[in-house]
Amino acid sequence: MTRRTLQHLGHVALSLDEVDALIVVGLFAASSDGRIDEAELRELVTDLDALGILDDLSEEEREDEVTRLVGLCDREGLRPMMGTALTLLNGPARETAFALTLRVLIADGLLPDVEFDYLRELRTVLGISDEQFERLTRAAATR
């Protein structure tokens with residue numbers, strides 16, 4: 001598995017909102033093997049619902065939003081989209097982004113070293129405290 005890194009991400013000249021940014025963070029987490037398959041997209045939609053992201057939309061509408069952002073990531077590049085997404089996340093959205101990443105990464109029941117390393121790097125970038133980290137990992141493990 002290729003090590004993902006949050007260095008040298010770049011940025012896109014698109015107007016994204018906070019929800020778009022959260023979905024891009026989820027897509028970046030789901031791409032741990034270099035691609036995003038249909039099962040990972042379904043899991044991401046489920047995780048968005050569980051975290052109350054786009055909870056005013058139906059499952060089909062949430063899927064459409066994720067698909068729209070997959071298309072933007074294909075066109076603009078996932079790394080630059082992630083760079084832009086990270087600049088848009090502030091306050092509670094940073095914690096939500098970390099929680100979403102945890103849920104996506106442990107969906108298969110495994111957390112290989114490369115994914116754990118990525119979590120540590122994301123934790124630093126998002127400024128997640130030790131207390132937040134403990135609380136979020138406990139919550140993700142008991143879902």
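Buried means under 20% relative accessible area, exposed means over 50%, and partly exposed lies in between (1.4 Å probe, protein chains only). The model is predicted: local features need pLDDT of at least 70, side-chain atom pairs count only at pLDDT 80 or more, and totals for chains, interfaces and linings use all residues. Residues are numbered from 1 along each chain as its sequence is written, and side-chain values use heavy atoms, with hydrogens and water left out.

**View A. Leucine 105 in helix H5.** Leucine 105 sits in helix H5, residues 92-106. Helices (H or I, at least four residues) are DSSP runs, numbered from the N terminus. Leucine 105 has 3% relative accessibility, so the residue counts as buried. Serine 32 lies 73 residues away along the chain, yet the C-alpha atoms of leucine 105 and serine 32 are 8.4 Å apart.

**View B. The salt bridge between aspartate 20 and arginine 68.** A salt bridge is a side-chain nitrogen of Lys or Arg within 4 Å of a carboxyl oxygen of Asp or Glu. The whole structure holds eight salt bridges. In one of them, aspartate 20 pairs with arginine 68, with 2.7 Å between the closest N and O atoms. This pair links distant parts of the chain, 48 residues apart: aspartate 20 belongs to helix H1 (residues 18-30) and arginine 68 to helix H3 (residues 59-76). Aspartate 20 counts as buried because its relative accessibility is 6%. Arginine 68, at 35%, is partly exposed.

**View C. The salt bridge between arginine 75 and glutamate 76.** Here the side chains of arginine 75 and glutamate 76 meet, with an N to O distance of 3.0 Å. Arginine 75 has a relative accessible area of 56%, so this residue is exposed. Glutamate 76 is partly exposed, with 30% relative accessibility.

View D. Arginine 120 and aspartate 117 form a salt bridge through their side chains, 3.1 Å from N to O. Both belong to helix H6 (residues 113-126); they are three residues apart, so about one helical turn separates them. Arginine 120 is partly exposed at 44% relative accessibility. Aspartate 117 is partly exposed too, at 25%.

Key: Helices (H or I, at least four residues) and strands (E, at least two) are DSSP runs, numbered from the N terminus.
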